Amino acid sequence: ESLEKVSRVLVHELAHVFAQRYLSKALRDEWLTLRGLSPDTRWFMRKDEKNDYRTAHGDFAECVVYAFQGPLQEFKSKLGPPPNAAQQALIRKWVEELPKTAGE
C-alpha cells in the first residue's frame, strides 16, 4: 500500500480510539448537531455492516482524516460532505484539549 493510504487508515482508526476514549454522549450529540445530523443518528455500525461510513462514528473518523490530512484524501463518509472550517476547528480543539482533561 502507498504511504498515503496507510496513513489515512491509521488516522481513521486512531480517530475511533479517540472518540471511544474521550467523546461523551454530550460531545457526540454536539458533533451530530454541528454536522447537521439527527440526534438519533446511529453512532456505531451493526455487525452485518462491512464498513462504518454510514454511522456517526465513521463520519467522525473521516472528518478527523480530512481535518488533519486535507482534501487530498478520499472522503468516504456517507452522512455528509467533508467537514467545514467550524467542524475541523472543533476536531482540532478536542484533540488538543480532551486528553488533558481526562479523569477530571
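The model is a predicted one. Tyr 22 has a relative accessible area of 23% and is therefore partly exposed. The cut-off for buried is under 20%.

Helix 1 spans residues 3-22 and holds both Phe 18 and Tyr 22. The two residues are four apart, about one turn of the helix.

## Ring pairs

Rings of Phe, Tyr and Trp count as a pair if their centres lie within 6.5 Å. By this rule there are five aromatic pairs. One of them joins Phe 18 and Tyr 22: the ring centres are 5.0 Å apart and the planes meet at 45 degrees, so this pair is tilted.

Edge-to-face applies to planes over 60 degrees apart. Tyr 66 and Phe 75 are both buried.

## A cluster of three

Trp 31, Phe 60 and Trp 94 form a cluster. Ring pairs link these residues.

## Charges over rings

Two arginines sit over aromatic rings. Arg 28 places its charged end over the ring of Trp 43, at 5.7 Å from the ring centre. Arg 92 lies over the face of Phe 68. Here the distance to the ring centre is 5.8 Å.

Terms used
Residues numbered from 1 in each chain as written. Predicted model: local features only at pLDDT ≥ 70, side-chain atom pairs only at ≥ 80, totals over all residues. Heavy atoms only, no water. Phe/Tyr/Trp six-rings, centres within 6.5 Å; stacked < 30°, edge-to-face > 60°. Buried < 20%, exposed > 50% of the residue type's maximum accessible area, 1.4 Å probe, protein only. Lys NZ or Arg CZ within 6 Å of the ring centre and 35° of its normal.
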